[in-house]
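Subject: Handing over the two-chain model

Hi there,

Here is the structure I promised to pass on to you. Have a look at it first, and then read my notes below.

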Amino acid sequence: MSGVVAPWRASRAPRARRTLAGLTFILPNFIGFAVLTLWPVLVLFYMAFTKWNIFGGSEWVGLDNFARLVGDRSFHKALFNTLYYSALHIPLTLVASLGLALLLNTKLRGMAFFRTVAFFPYITSIVAVAVVWNMLFSPDVGFINQGLRAIGIADPPGWTTSTDWSMPAVIIVGTWREAGYYMLIFLAGLQTVPKELYEAALTDGANTWQRFVHVTLPCIRPTTFFVMVILTIQSLKVFDLVLVMTNGGPGQSTLVLSQFIYNKGFIDNEFGYGSSAAVVLFVIALGATIFQYLANRRTVEL
Amino acid sequence: MYMKNRTKWGTGLAVAACLVLTGCSSTAVTPTPATPEPGATATPTPVPEPVHLKMAAWLLDSTPEFKTLTDAFHEANPYITIDLVEYKAGNDYDTQMIADLAAGSAPDLYILKNLRNFFTYQDGGQLMDVSDVAAEYGGNTKGLSNYQVDGKTYAIPYRQDSWYLFYDKDMFDKAGVAYPDGKWTWDDYAAAADKLQKAIGGGDVYGAYMHRWQSCVQGFANAQAPGADILSGNFDYMKPYYDRVLAMQDSGVQVSFNTSSTNSLTYQSQFGKQKAAMLIMGSWYVAAYLAQVGTGDADKFNWGIAPVPQLDSSTFDNPVTFGDPTAIGINPAIDSKKTDAAKKFLAFIAGQEAAIALAGIGITPAYFDDAVTSTYFALEGVPKDALSQFTFGTHDTKPENPVSSKTAKVQGILGDMHTAIMSESTSVDDAIAEAESRFANEVTD
């Protein structure tokens, strides 16, 4: 009965109301985000141009902090270490998580158990992970080096006790930890691949590898793009794993940008200087994301 | 239908309210009950108004010294009650304290763990001037001058630790090695460790144990080496100390730094469970060891303390060691009505009564006299031999950290140098050179 309404009223009022309803739904989350994340980030951009020891007011110094970063050798080391970590961690995790997802995408019995096992490292306490892996990596009595000696490597690496091998050790643990999480995302993406395409490829005589390259990979492109973007940002921001595993050491061999920022702020009490390093990290992550976005659009258009 | 919606709304609101309330809970320890003095005795002075103060401390369950101080003070001044607020221990304490001071939510009184961050608090205006309290105390309270800046005192020490050489007499007897005689140089120490290792070492038992902190090596270099000054940017004087330690590590008389760090060994378990015959550690370990014997976490055996090894025989009469004092300061944001009570507490902690209370639980107080020493050595379990008493009473303790704006940064650089050297990833010369160039590059103001 009330369905007969003049057209102009039907188009305007419900849409405005729907928008308002939508905004109201996200408001609680957005308020939390705005107050606890967005506002501090905006303040960060201001702090990067000041000198502040957290007590009292800040002193405007313009670009001095950034000029100091350019000459700061610890900053260069942190930047190099972060890029080193990301350059190895991203492809390793991508391959591991996609591999796990492909393996566990069958409908065999017990698959849920294996998926849980793969995901388990991601939800374990990071401190427990660091303590146990440190013991495994112990150069004299650790399990890993004992295994390496058993297969004939006489002088196994020092892992977390050596400046050369500490970053690879952290990368291994980081990959082990996160592969399960990205595996879940890939599993979801793999569900969207139509089975008919596989059957069509089979009838065309494609083998497993060709099916993977020509059917699976193109179909999960949106998932891969998402995983790459998130993985890149998380790798550039890595902090807690490094902090509890090696604390930036030995020496400065695992000092990453996040820990540099933390040290400058909470240990040296130079919050302005730490903020400027944080801005640099932000710009790098933003640049990497924009680059990936553009690269993805270009290949889609092709 | 209508009723169901209302129940859902009601439940939702109740859940939301609960979540908000749990987020607001504080972590304050339940306060000790106040016992105001009844006005039964006809005194002319009126009963003072009860005052409640809050003080920041850490690990309240396993660190009895804070409660000992506040309880002893409360007995002497029943109208003042001090409630302890538990903060994180270790390095996180200062981080949390600084954050709370900046946010304006810090307690009235707080502990200054060491001198490393004293400059930060003082320069940031987070300590009240307590020169009037300091003026009452002179020679007997050690470490007071460390808290003076521009002629004003900003905190009062209640504890002054020094590093000693702890040794296991039973293990020495078993190995047939003579006890330390109080006149050891570092070479004597290494030689004894060698003999102990040959006689009883093996498996996971070693002649000595050295903990992983940078202070275990650098503290002695800074205190004993001539011309040592970390603020100078020149760290060559640390080389002999590192060479000696690496030689001991390589010869197998002590657990290697790498094994110790990857297996998170604790010095309490290494000495307390008799896995090492010697341990160089701070005086706080005495109280901790005695407590652990009580709980069964450490073995009961005959042990003693000796002066730490010296650079040469010239300092045997007044052995040089290091250690930072621990102090308490007043938050300038304190309610002005409570300032007098807070200052009264600071005056108390630097005096004899507090010192005797602390000595009674095995803590080395800042105030030193014969009554304190005899209380300390009357404690059950504390070694009573002549050398231990000499070690406790006679030492030239240099502060671990100089008070300066550069200290925190320099110690950070030296910490990285320490891990690079001890993990044997970098040679001593290269690591020192790297630290010196980092000093020139980063320690600017």
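**Around B:Ala350**

Leaving out residues up to four places away in sequence, B:Ala350 touches B:Tyr137, B:Thr141, B:Ile156, B:Pro157, B:Tyr158, B:Ala366 and B:Tyr367. Two residues are in contact if their C-beta atoms, placed from the backbone, lie within 7 Å. B:Ala350 sits in the loop between α13 (339-349) and α14 (352-359) of chain B. Helices here are DSSP runs of H or I with at least four residues, strands are runs of E with at least two, and both are numbered from the N terminus. B:Ala350 counts as buried because it has 25 C-beta neighbours inside 10 Å. The cut-offs are as follows: a residue is buried if 20 or more other C-beta atoms lie within 10 Å of its own, exposed if 12 or fewer, and partly exposed in between, with C-beta atoms placed from the backbone. B:Ala350 is also 205 residues from B:Ser145 in sequence, with 13 Å between them in space, C-alpha to C-alpha.

Before you go further, a word on conventions. This is a predicted model, in which local features need pLDDT of at least 70 and side-chain atom pairs count only at pLDDT 80 or more, while totals for chains, interfaces and linings use all residues. Residues are numbered from 1 along each chain as its sequence is written, and chains are lettered from A and ligands numbered from 1 in the order in which they are written.

**Domains and cores**

Chain B is assigned domain 1 (51-161 + 323-368) and domain 2 (163-322 + 393-442); such bounds come from an automatic or database domain assignment. The C-alpha centres of these two domains of chain B are 28 Å apart. Their contact takes 17 residues from domain 1 of chain B and 19 residues from domain 2 of chain B. On the domain 1 side, helix α4 (residues 118-123) of chain B gives the most, with 4 residues. That side has 5 nonpolar, 8 polar and 4 charged residues. For the classes, Ala, Val, Leu, Ile, Met, Phe, Trp, Tyr, Cys and Pro count as nonpolar, Asp, Glu, Lys and Arg as charged, and the others, Gly among them, as polar.

In chain A, the division is into domain 1 (1-47) and domain 2 (64-301), with C-alpha centres 36 Å apart.

The largest nonpolar core has 120 residues, of which B:Ile156, B:Phe166, B:Leu346 and B:Ile349 touch the most other members. A nonpolar core is a set of buried Ala, Val, Leu, Ile, Met, Phe, Trp, Tyr and Cys residues joined through C-beta atoms within 7 Å. Setting aside neighbours within four places in sequence, B:Phe166 is in contact with B:Phe271, B:Met278, B:Leu279, B:Met281, B:Tyr285, B:Trp303 and B:Ile305.

**Where the chains meet**

The contact takes 26 residues from chain B and 30 residues from chain A. On the chain B side, α3 (92-103), α10 (257-262), α17 and α18 each give two or more residues. The largest share of that side, 6 residues, comes from α17(B). By class, the chain B side divides into 5 nonpolar, 17 polar and 4 charged residues.

**Backbone details**

The peptide bond from A:Gly249 to A:Pro250 is cis, with omega near -10°, and A:Pro250 is in the loop between α11 (240-245) and α12 (257-267) of chain A.

A:Trp159 is not a glycine, yet has a positive phi of about 50°. A:Trp159 lies in the loop between α6 (143-150) and α7 (166-191) of chain A, and is buried, with 25 other C-beta atoms within 10 Å.

B:Glu424, also not a glycine, has a positive phi of about 60°. B:Glu424 is in the loop between α17 (407-422) and α18 (428-442) of chain B, and counts as partly exposed because it has 19 C-beta neighbours inside 10 Å.
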